[in-house]
Amino acid sequence: MLTIPTRADVVRQARERGERVAAVLPIHYPRALLRAHGFQPMEVWGPPRVSVVEGNAHFQAYTCGIVRNATSFLMQGGLDAADVVVVPHTCDALQGMASVLKDFIKPRQPVATIYLPRAVRAVDRGFLAAELRRLAQQLAEIYGLRPSDAELLAAIEREDEADRELRFLAEHRGDIALGDRDYFTLLRAREFLPAESFVEVARSAPRGQAPGGGVPLMISGIVPEPMELFDHINAMGAHVVADDLACCSRRLYRPSGASDPFQRMADSLIDAPLDPTRGSPILERARNVSRRIAECGAKGLLVYDVKFCEPELFDVPLLRKHLTAEGISMLHVEFDMTGSIAQQTLTRIEAFVEMLQ
Amino acid sequence: MGHAKWIGIDAGSTTCKAVAVGEDGALAAWRIEPAHPVIEDQAARLVEELRSEAGAGAELPVVATGYGRKLVRCASRNITEITCHARGVFRALGQPGMLVDIGGQDTKVIVIGAGGRALDFMMNDKCAAGTGRFLEHSAARLSVAIEDLGPRALASTGEESISSTCTVFAESEIISLVAHGAKVDAILLGLHRSLISRVVAMVHSVGLRTPLMLSGGVAKNPAARAMLEQATGQTVHLPEYPQLMGAYGAALVGLESGAGAADKQA
Amino acid sequence: MNPKDYLAYTLGYQLLGKSYLSWQRHSDERAIKALRPAADDPLNPPLVGTARMKELMSRHYLEGRYANGVRKVAWVTSGAPIEVLRALDFFLIYPENHAALCGARRHAEGLCVEAENAGYSRDICSYARTDIGSALSGRTPMGKLPRPDLLLCCTNICQTVLYWYRVLAAHFNVPLYVVDAPFLYDKASDHQLDYVLEQIEGLIPVAEKVAGKRVSRERLQEIMEQGKSCAELWLTIMDRAQHRPSPITAFDGFINMGPIVDLRGEPETFAFYTELLGEIDRRIDNGVGAIRNERKRVLWDNLPVWYKIGKLSRHLGAKGVNVVVSTYTYAWGELAPMMDAADPMRSSARVYLHPILNRSTGDKLRSMREMVAKFQLDGAILHSDRSCKPYSLGQIDQRDNLANDLEVPAVLLEADHSDPRVYSDEQADARLDAFIETMEAA
């Protein structure tokens, strides 16, 4: 059995190290920058099992569940251990969340934002480096730590090492002897474990033939909540051989070669895998997905999207069209960020698996 | 009944259907009743009835489908209604194509391929509009019997357009129309138009395939069929027993698997 | 240039089309002047200038029908830095404006269904669905839209345009240039300004390549100056609503905003708004309000409900409620002071960073509170537009602040700017009537 420290453990250990905690909303952000400034990043992808009364009091029903749940969670005290709330500018919903937090809800913690460029040009790299410097200044004002370039580079290297382990796990799914739920729990531990701790846990993952049998699927989407989803998929006679999830494989960052640490962090983010939230051209993304499906031997793609996610929804038709032309089946389902999976959603996935058998 | 080999149960949320098929895959016997809250008991009773009709000691194995399929304890397998409807309709009408199933609480569009395999599908099961419930609810509001809905709509000389796609909003619209003197039959025609246009949108989303087939409770509604034909420009084929296609398909899946009651799906 | 295209353009547009539309405008003007509203009509006669607006917009789309092969065509977002393109003589199409026209003419639903049939979710912006549906089916009430040679997308209004334009880029297989404008949670910083500036400068070689010519900096300067004059004029018109009774409504603004969005900076646009201002000032001199009996004055936040403009203006007008100003129409004028012809590129970067949709929710509240004071308002209608998250998120708090802190009655109206299927007359009227009663009791 794999032992993964809990979030409570991580908070306690961070404090023991003299570190603070940063609550971070999805998706892309510079982990190394936060660590170097004394903040252990702990990501907030929902969470699914919260009452959304508070969130609904600030955001209309057509707002995505991640925003409504995270806002509710914050207002219920769920993020009290955090000393800063970081909201990357991922989409219009998160834009609204950060703005409403700063201007109206005004939590105890300062709210820091990061604007992520939506293209991959020299001008975008330059901007993001400057944006990270601005964020660094803000973090320094909150906690008082001003790391040197050498300290920043050391932090970057620790994150690069953890990302290497993550990449290994992602690219060798078939050789990790964990069931789907445990496997994705492991990948997702990157969301809150300190880099060095993640490296340890990743290396302790049991090697061997991954349990399989049944229909091999690839899963895509923003985040697979609740994680019981994997138990259901297995019970239906399918298993997951690869992913294109925003919380996992879309964050397989590669180290970059720049000597300036801010440019280095910016380049890693800019060169991240193709992701509609970062403006990646649709056909490029579709070709990449179909190539990966062919490589991993999946028979179909399950796109499991949280409802109202516009970046995902705009890609779906052309993604489906491209995959169909390549003879790959795709199922797109949407879910509400509650603690349970709707019967209707499970029936669709089951029908899809039956179709592929 | 003789020669009955398998039983299929479609435990839907509005009705429960049970079908027995013979060795040749033909329909041997069937039952249909409104769904009871305790699905297990209802399913067990229907299975018993069909088994005793088949002859003393007949241990006919059962395959379950539908909303409550996992609650049918006597079933050795459970399969989704997508797979089952595809099989059932393919066998009933003898060819692949596209099936539109408009049920009480959900609507399915299924692309049926060779052998009755489901190749692609779309379901509308989170929203009443576009399902039989939309018509039933509105009919109740207008005090029209369900079996009269279709004929009255078809006989209407005028049509009131219903713009709301939400059942709740549509109700407000209906009340408003009636208050302004609109004819009930014209409203009924508009409601059918609204339902069919949602269904047709699903058909086009999946991509129209011919021949077009119709099943489900609403298939018995002559206006629904006529308007679907009109909207798609295709002849719509109906099986003899449109409501039994899920249960029939479930029984056929069992028959085709050839295995006995001991075969349990993980 | 293909001689056939040029011939069609000259005949169809320059000679026949423009003359016909001019004749049509005169005819429309006569018809409006001849209108004698019934005694119980809550609205005073409409602005005669609307006829000229129709002519300008019809001419624009008519030219579009013949433009391919004669002019280079760019499809652009409503907040895009188009001066460079205008300086290179691109013909501009604004898909958002096209979608708005479809919405107003009740064509949007059919086009949305085309997009939905192709798999585009009903949960994405109805402008995008209308436009994608039009592109996929080739259908448009404007006859024919010219194919783009270039797509220009600026994220200063939302991220949705980015996803939408990527779909267009895949569909038309043409270059897409993105001007990414960082969202202003606080005051704009230098690195954000530099970023936008560099991207606008980077647009020049890309556009020049497509246009096959070089841009003249003098022409660019001239265009920026013209843009500023137009924006200032538009702002002046909006500000006339301060008069009691207001000679114009926000609905007049929605109806007549096409030129300031699509044809900003053109000499004829300036002439049109100058004439319109004249007509408005005559109303003021004669004490004529847009509605007959102005008892309450309110603001409208967010995009209009395009397919309900007539109905809403009558319903509210009948109760003496004049919607005198909107944050949406104001957006095309409020940045005029920021435009500096002496520093065209840098001030451009600043202007394109500051549209209301790129500023924080707190800032929008400040703007609304300022409008309440400036226009002496009794209430606010906040259209909670399903299709427009940047505009709509934050409205619950803004409404609460207006109603509880400023004690100005404010109501959220759930709808969509183009998709009529999510609008319920009964629910909307009930909500508005309750709001009006609250204002009357206040």
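Author: Two strands pair if DSSP finds at least two bridges between them; strands (E, at least two residues) and helices (H or I, at least four) are DSSP runs, numbered from the N terminus. The model is predicted, and local features need pLDDT of at least 70, side-chain atom pairs pLDDT 80 or more, while totals for chains, interfaces and linings use all residues. Residues are numbered from 1 along each chain as its sequence is written, chains are lettered from A, and side-chain values use heavy atoms, without hydrogens and water.

Reader: What makes β7 of chain B a partner of β8(B)?

Author: DSSP must find at least two bridges. β7 (residues 107-112) and β8(B) are joined by 6 and run antiparallel, so by the definition they pair. B:I112, for one, has B:A118 in β8(B) as its bridge partner.

Reader: Why do β8 and β10 of chain B count as edges?

Author: The order of the open, mixed sheet is β8-β7-β6-β9-β10. β8 (118-124) and β10 (236-237) each have a single partner strand, so one side of each lacks a neighbour in the sheet.

Reader: How do you know which residues of chain C are in contact with chain B?

Author: Contact means heavy atoms within 4.5 Å. By that rule, 8 residues of chain C are in contact with 11 of chain B.

Reader: What is the area buried between chain C and chain B?

Author: Buried area is the accessible area (1.4 Å probe) that two parts lose on being put together, summed over both. Here the value is about 820 Å², with 42% from carbon and sulfur atoms. C:N117, C:R421 and C:E426 lose the most area in chain C, together 54% of what that side buries.
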